[in-house]
Amino acid sequence: MVTGSMHLLEADGRKILLDCGLNQGKRKEARQRNDSFPFDIHNIAAVIISHAHIDHCGNLPTLINRGYRGPIYCTPATKDLLAIMLVDSAKIQEEDTEELNSTRAQGTPPLQPLYTRRDVFKVLEQCVSLDFHVMTSLTNSTEFQFIEAGHILGSGMVELRFRTPEKINTLTFTGDLGRRELPLLRPTAPIPPSQLLVCESTYGNQIHESIHNTVQKLYETVRKTIERGGKVFIPAFSLGRTQIMIYYLQKGIETKQIPEIPIYVDSPLAAEIAHVYRKHQHLLNPEVVSSFIQDHTFVTDDWVRYVREFDESQYLSRSPDPKIVIASSGMCDAGRIVHYLKEHLDDPRSTVILVSYQAPGTTGRKLLEKSPTIRFQNRTWNKWIEVVHLDGFSGHADQADFVAYLKPLVGKIEHIRLIHGERTQAVALASVLKNMGFPDVQIPEPGDAMVLA
Ligand SMILES: [Zn+2]
C-alpha cells in the first residue's frame, strides 16, 4: 500500500522488519491497522528503516509501546530526522485523540492516543545509526548495508545478503527512490544486482514534468504575482518538498529570475529539519553545498526566514508586504497555511502554488477544481486567488527513472516485487519491466510471502 510500508523477513529462524510505516488512510480503518501488527512482536530480532517519511517510520512508537526492545537500524541523518518527525506525529496523535474524546458521549471511556512522545523517546534510544555502505551482521548468516536512495536526506535502499552452505541469497529493498533530475541530494546510487528486488512503484505509470520547465513556471508565477502587488503561498510538506522549494526560490533570487523579496518558511518543523540538513551537508550534492549552503545556509539569511512563533505567523498573514510563504500542510487542510488562506482566498492579486499531489476531498483539490467559490473552515469563500498547480517537483522516481535505474540489471535480477504503489501505477510499471526482459515481476497483496532459495 502507499502508506504503512512494512515488510517481514525471516532468516535463520529470526525475523527482521523492513520499515514500520504509519497507515494514513481513513481514520478508523487506519487506527485499526496501526494498532495491531500482523505478527508476533516478540519474535522480531531487528528493524531496518529506509527513511524518515512517516509512511515508512511513523508506526515505530507503537512497536515500542507493544514491547519491541531490539535495535532499529537507520542512517545517522534518518535518526536525526526521526527525532523531529516522530515527535510531531505523536503530537498529532495526542491532539487528535483529545479532540475525539471531547465529542464522545458522557460515560464512554476516553480513547487513548496510538502513541505519545514518551514512546518516541524510547524509539530514539533503540536507534542504531549506520553510515551508507557499512556491512552489518543481523544474524549468523545475514548481513545488510544502506545504499544511497536519493529520495530525501539520509534515505537508503537496503541490500541484504543471506548465506547458506551452498550460496549467498540476496535481496534489495528500494524504500523510496529519488529522481535523476533533482540536484539537491547526492544522486541515487546504482541498484545492486540481487535475486529479489522489492521495488517501490508510487509513480510507476507517470512521467513527471521536467524540473527545468517546472522551475520556469514557478519563476514566471512569482514574477507575475509580485508585479500585480500580490503574495505567493506555497503549501508544502515540511520534509523534502519544503527544502526543494527553498533551494529553487533562493536560486531564482540569486540569478535575478525573481525579485528580491523575503521568503518565509512558516513551520517550526521545517526550521528543525533545516538544522539536520546543515549537520549532514555531506549528503547533499557538492555543487549545491558550495553555492548555497555555505554562503546563505538553509537556516537564516537575507531572504529566507524561518517563522516559529504563532503570533509572528498571524502577523505575517495580515501584513501587506510582498512575500513568498512556504507553510504546511501540503494539502491545505491543517497547519499554518490555513490562516494565510483565510486572509487571501478572495484576494485576486495573490497566488497559491500547489507543488504536490492533492488527494480528493482535500482543500488543495477543491482549490484546483473549477468553481467560483470554495467551502473552507465552515464558510463559503469567493475563490478569487490564482491557483497554479506545479506537479514537477516530486522527489519520487517516475517511470523513466525506474527504467533508467533498472536497465543495467536485466539478467541480473531474478524476481521483482512491486510494492508501495496504487494498483494502476504498479500494473503499468510491471508491464514495462516485463517488456524490458525481467522474467518475474509481480504485485503482491498484503500478507503474501515469497521464499528465496
Ligand atoms: Zn518517502
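A residue is taken as buried if 20 or more other C-beta atoms lie within 10 Å of its own. The structure described here is a predicted model. Its mean pLDDT is 92, and 97% of the residues of the protein reach 70 or more. Over residues 294-300, however, the pLDDT is below 50, and this stretch has 16 contacts in the model beyond near neighbours in sequence. Where pLDDT is low, the predicted coordinates should not be read in detail.

Helix 7 spans residues 241-254 and comprises 14 residues. The distance from its first C-alpha to its last is 20 Å, close to the 20 Å expected at 1.5 Å a residue. Of the 14 residues, 11 are buried, so helix 7 is largely enclosed by the rest of the structure. The buried positions include Arg 241, Thr 242 and Gln 243, and among them are also Ile 244, Met 245, Ile 246 and Tyr 247. Leu 249, Gln 250, Gly 252 and Ile 253 of helix 7 are likewise buried. Lys 256, which follows the helix, has a positive phi, near 60°.

His 53 is located in the loop that connects strand 3 (44-48) with helix 2 (54-57). This residue counts as buried because it has 25 C-beta neighbours inside 10 Å, against a cut-off of 20 or more. When residues up to four places away in sequence are left out, His 53 touches Ile 152, Asp 176 and Leu 239. Lys 224 lies 171 residues from His 53 in sequence, and the C-alpha atoms of the two residues are 34 Å apart in space.

Conventions. Residues are numbered from 1 along each chain as its sequence is written. This is a predicted model: local features need pLDDT of at least 70, side-chain atom pairs count only at pLDDT 80 or more; totals for chains, interfaces and linings use all residues. pLDDT is the predictor's confidence in each residue, from 0 to 100. Two residues are in contact if their C-beta atoms, placed from the backbone, lie within 7 Å. Helices (H or I, at least four residues) and strands (E, at least two) are DSSP runs, numbered from the N terminus. A residue is buried if 20 or more other C-beta atoms lie within 10 Å of its own, exposed if 12 or fewer, and partly exposed in between; C-beta atoms are placed from the backbone. The expected span of a helix is 1.5 Å times one less than its number of residues.
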